[in-house]
Amino acid sequence: MLDSLFLPCLKWRISIIFTFMYSWRIALLPFSWIYASVVSIRNWMYNSRLKESVPIPGNSICIGNITVGGTGKSPLTAYLAELFRDKHPVILSRGYGRKTQGLYIANTQSTAAEIGDEPMMYWTIFQQEIPVIVSEKRQTGINWIRTNKPHSLILLDDAYQHRAVKAGINLLLMTYQRPVFKDFVFPAGNLREPRAGMKRADVVVVTKCPKNLSEPKKKRFEKKIPVPRTHVFFSEIVYGELKGLFGAVWKSADRLILVTGIAQPEPLYRFLSEKYQVEAIRFPDHHRFTAADIQQILQKVATFVNHRCVVVTTEKDAVRFVEWKEEIIRSGVPFFVQRISFKIDRENDFKDLLKNYVARTNERSS
């Protein structure tokens, strides 16, 4: 009886919500058309060489997206840095959200506030083995790298729209759930530029795919992407172990408090919920944690006084908690970092494609 009353009511409410969201997007379409027109003119000027796009000397790979946030650029950048260790890679980023300006070379004293959370994450992973450079003007960073690391492979993080420089190969990422060909330009949608921007890609990596994605579904997806089908790859998230932050040691937990300041925390929430009771505290993407935020998190933990409760966060968020290390340690609340990587289908083909590009470039420059 309750189901017969509740389910129709729930479906009606969901229908109302989706109708409202669709209407809101429709209302924003005129602004999207204006924005798309401006971006299209800018791209046309680069395509027509009315604006200069300077080729980057030597080997360079651009890792970028068209969709705003949450496509998995950071794990792929780290993957490529590891793959090409023998080519002396250097990671170049604009350092989104940092408080500094100009060229900045990551070092042992750097903080996320100085270089940005993603560059800080790369530095934390690789330490001094792989240099991390930030510069809002990519050409300035490239000049420094080519002067000081002339034979290095430059990995440009999030530079797909930075057309003042031209990488040797463009990797475009899009999620399986939010493909570019089904989205709209901001603000009605989540695209930074019109869908035609996909044509600049040399390789497309579809991220966050469901496990065991069937070949027919892959083929239907590939047909909507304007690059050769052999250059389209599908990948899925792989969650690793929980790593203790600030010396925390894992013990069995009754409840997890998931704290995130990233664009798309839902997949991580679903994964952890399969094993634990999870409460989520979500902050905006690239959020800088404050003293009030730390108190909010600790107070949430305190509400579960009769449970073994731990805090879990992402690798990207963890570098922003360093500023509050003493407070966290003093609280006695254990913080852990969920490590992630990704699994890519046809991985050998993917590696060979990129390695062949690097080899060809080396032959031309020798």
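This is a predicted model: local features need pLDDT of at least 70, side-chain atom pairs count only at pLDDT 80 or more; totals for chains, interfaces and linings use all residues.

Q: What makes a residue part of the lining?
A: A lining residue has an atom within 4 Å of a pocket point. Helix H2 (73-83) supplies the largest share for the largest pocket, 7 residues. Other elements that each supply at least two include helix H4 (117-126), strand S10 (232-245) and helix H9 (315-321).

Q: Which element supplies the largest share of the lining of the second largest pocket?
A: H4 does, with 5 residues. Helix H3 (112-115), S10, H9 and S14 each supply at least two. The lining holds 27 residues, and Met120, Thr124, Ala318, Val319 and Val322 lie nearest the centre.

Q: How is the lining of the second largest pocket divided by class?
A: It has 13 nonpolar, 7 polar and 7 charged residues.

Q: Why is arginine 49 called exposed?
A: The cut-off for exposed is over 50% relative accessible area. Arginine 49 has 75% relative accessibility, so it counts as exposed. This residue lies in the loop between helix H1 (2-47) and strand S1 (54-55).

Q: Why is arginine 346 called partly exposed?
A: Buried means under 20%, and exposed means over 50%. Arginine 346 has a relative accessible area of 32%, so it falls in between and is partly exposed. Its place is the loop between S14 and helix H11 (347-365).

Q: What makes the phi of arginine 49 and of arginine 346 worth a remark?
A: Most residues other than glycine have a negative phi. Arginine 49 has a positive phi of about 65° and is not a glycine. Arginine 346 is not a glycine either, and its phi is positive, about 50°.

Q: Which residues does the cis peptide bond join, and what is omega there?
A: The bond joins phenylalanine 186 and proline 187, with omega of about 5°. Most peptide bonds are trans. Proline 187 lies in the loop between strand S8 (169-175) and S9.

How values were computed:
Residues are numbered from 1 along each chain as its sequence is written. Side-chain values use heavy atoms; hydrogens and water are left out. Helices (H or I, at least four residues) and strands (E, at least two) are DSSP runs, numbered from the N terminus. On a 1 Å grid over the protein atoms alone, a cavity is a set of points where a 1.4 Å probe fits but cannot get out, and a pocket is an open set with protein on both sides within 12 Å along at least five of seven lines; lining residues have an atom within 4 Å of a point. Ala, Val, Leu, Ile, Met, Phe, Trp, Tyr, Cys and Pro count as nonpolar, Asp, Glu, Lys and Arg as charged, and the others, Gly among them, as polar. Buried means under 20% relative accessible area, exposed over 50%, partly exposed in between (1.4 Å probe, protein chains only).
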